[in-house]
Amino acid sequence: MNDRAGRRRARRLAIGTAVVLALAGMNGPWLYRFGTARYHQYQINKPEYKAENGKWEIVQFPEKYRQNTIHAALLRTGKVLLVAGSGNNQDNFDAKKFDTRIWDPVKGTIKKVPTPKDLFCTGHTQLANGNLLIAGGTKRYEKLKGDVTKAGGLMIVHNENPDRPITLPAGTRFTGKENGKTFVSRDPVVVERATKVFDKRTGKFLRNDPGLGRIYVEAQKSGAKYETGTQDNYRIQGLTGADARNTYGIAQKLALDKKDFQGIRDAFEFDPVAEKYIKVDPMKEARWYPTLTTLSDGKVLSVSGLDDIGQLVPGKNEVFDPKTRKWTYLSKVRQFPTYPALFLLQNGKVFYSGSNAGYGPDNVGRDPGVWDVESNKFAKIPGLSDPNKMETSGTVLLPPAQDEKFMVIGGGGVGESKLSSNRTRIVDMKAASPRFVDGPTLEKGTRYPQASILPDDTVLVSGGSEDYRGRGDSNIHQARLYHPDTNTFESVADPLVGRNYHSGSLLLPDGRVMFFGSDSLYGDKANTKPGVFEQRIEIYTPPYLYRDSRPSLSGGPQTIARGASGTFTSPQASVIKKVRLIRPSASTHVTDVDQRSVELKFTVSGDKVTVTVPENRNLVQSGWYMLFVDDDQGTPSEAQWVRVP
């Protein structure tokens, strides 16, 4: 524990003792609670307390602007994009009520934005041009067993014709050869042509490997009598001749069991200046819960997600080219659980921390490691503690990014498990043989922890819950600052609002941190009342903003190339000790692979500060950044927006 944390703990103990003594003469528990609450409010608003612990404040939007925010991204205009889509609300989905807001945290203005599709549980990342790429979302809500009225499931369509693909429209009927039952497709499907296979030694033709298409089908009528219990081959009605001979379906059990969410292929760029969505080429695969990560060449990798029939995309990953605004498949397959935490490394490879949002087999794609996307080789990284509790864990690239150290925070067991981890794990990716080691422990097992990089090189870790989706009233009202230089946590002021599933946080240009969302499964400790989505925004003002003064930064270029320099003006130039370039966040489901804080070398001459951007394009990806300077007390300036082309 560092000295500051020790002083704070002693001060809090003294405060607690004073409260007990002051209230000892009061009669009754009500007076005690009332007095304690009032004294607590008095204490946390004292200037010296805020200078040590910071302060939390709630922002309550006017009722007409409230929504169930699932995704948030800081735009290069300084405004915040808040995306709900249908907001995990079936009624909104059925009514096609999809919501987006733009909030200006400085002026306090809020604007509704037309939302073209249900971008609930989409993926997103910042693009080099300052737009936000958004891909995937919701095609169908899950249906629990008991709510499913028509038997259905996955149909694999086979095409044995090597000469051409075949397209089957929505409404195509499939009739079982053995069971005689008919099922209808919900969507069109293109089944690729068969592949001719030849003997490599003799060149002799061996066989046709059929092209495959996957489609969701369901019974024509409701009822258990339309279920099937075993695999069957299905004749496709409406086909004749060679098509009828070459094309058929195969399905396992088609039943009334639970049906998972289904994803969409739609993709958009959000333009922060025009403040509107721009449709781009759809993905090759439908995805619900995907991760988008920028690669070394500036293209964007789209990974995992549930597809348009509610199954995990079978390792078919793809990339978006911002120049053409089109998607192409990677040549090789690699499977991950949904919302995998994937970060671009300085060598151009991709680090997978093991953090994920949960959908997918518990024995496939769960191990952390380094992925060479081009060769598809994957090198596992050992040493991870609590490896069976990685769902809903958070991962952050610790500042400064040049050190290439990652922290994995908390997490829980697979699915709706009650298990949660109080571990933090740290891995140095610059080590000759990277290996996870444990960092400081959390006070409680924590699922859904939020982590935001601050411009003074600390990381704010807050919120989460001990149990799945806050079950049992298990939200954690605690916050702490992690100090990478000492590998310690420092307790700070406690948040006012509990945050678990569907929550997130992001750093604002003025150095404050915004928190959004939370979607508790239940609203009471006994788990008898349904939960209510948390629509309030909460702002944390760190201790560094309660000091006497802060440095200012002005002038300078809006664009600085990698390896180039730019000069800014600061009356406090002589006491500047750090310069940081921080990529704006795009946060959802404890996943934010965009945020990183890059150390900049700098020189000072009079009131001029000249900063130099590193040359490594994998360290400093093209795009817009917040440029902060810190003085000798660790107090940051407000950010200047800088573009790295």
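**Basis and terms**

In this report, a residue is buried if its relative accessible area is under 20%, exposed if over 50%, and partly exposed in between, using a 1.4 Å probe and protein chains only. By that rule Arg471, at 11% relative accessibility, is buried.

The model is predicted: local features need pLDDT of at least 70, side-chain atom pairs count only at pLDDT 80 or more, and totals for chains, interfaces and linings use all residues. Residues are numbered from 1 along each chain as its sequence is written, and side-chain values use heavy atoms, with hydrogens and water left out.

**Salt bridges**

A salt bridge is taken as a side-chain nitrogen of Lys or Arg within 4 Å of a carboxyl oxygen of Asp or Glu. The whole structure contains 31 of them. Strands (E, at least two residues) and helices (H or I, at least four) are DSSP runs, numbered from the N terminus.

Arg471 pairs with Glu416, with 3.9 Å between the closest N and O atoms. This pair links distant parts of the chain, 55 residues apart: Glu416 is in the loop between β31 (405-409) and β32 (424-428), and Arg471 is in the loop between β35 (459-462) and β36 (479-483). Glu416 is exposed, with a relative accessible area of 52%, whereas Arg471 is buried. Both belong to a network of salt bridges that also includes Lys418 and Asp467.

Asp457 forms a salt bridge with Lys578, and their closest N and O atoms are 3.3 Å apart. Asp457 lies in the loop between β34 (450-453) and β35, and Lys578 in strand β42 (residues 576-582), so the pair ties together parts that are 121 residues apart in sequence. Asp457 is buried at 9% relative accessible area, and Lys578 is partly exposed at 28%. In another salt bridge, Asp260 and Lys258 have their closest N and O atoms 2.3 Å apart. Here Asp260 is partly exposed, at 23%, and Lys258 is also partly exposed, at 38%.

**Sheets**

Strands of a sheet pair through backbone hydrogen bonds, either parallel or antiparallel. Two strands are counted as paired if DSSP finds at least two bridges between them.

Six strands form a closed barrel, β9-β16-β12-β11-β17-β18, with antiparallel pairing. Strands β12 (residues 182-185) and β16 (residues 211-219) pair in the antiparallel sense over three bridges. Phe183 is opposite Ala219 in β16.

**Largest pocket**

Both kinds of space are found on a 1 Å grid over the protein atoms alone: a cavity is a set of points where a 1.4 Å probe fits but cannot get out, a pocket is an open set with protein on both sides within 12 Å along at least five of seven lines, and lining residues have an atom within 4 Å of a point. Grid points are joined across faces, edges and corners, and a volume is the space filled by probe spheres set on the points.

The largest pocket has a volume of about 900 Å³. It is lined by 37 residues, of which Glu142, Tyr359, Tyr468, Arg469 and Tyr501 are the closest to its centre. The lining has 16 nonpolar, 11 polar and 10 charged residues; Ala, Val, Leu, Ile, Met, Phe, Trp, Tyr, Cys and Pro count as nonpolar, Asp, Glu, Lys and Arg as charged, and the others, Gly among them, as polar.

**Cavities**

Nine cavities of 30 Å³ or more are present. The largest cavity has a volume of about 90 Å³, and its lining includes Gly394, Gln450, Ser505 and Asp592. The elements that give two or more residues to this lining are β30 (394-397) and β34. Its residues divide into three nonpolar, seven polar and one charged.

The second largest cavity has a volume of about 80 Å³. Among its lining residues are Gly123, His124, Thr291, Tyr339 and Asp592, and β6 and β22 (291-294) each supply at least two residues. By class, this lining has five nonpolar, five polar and two charged residues.
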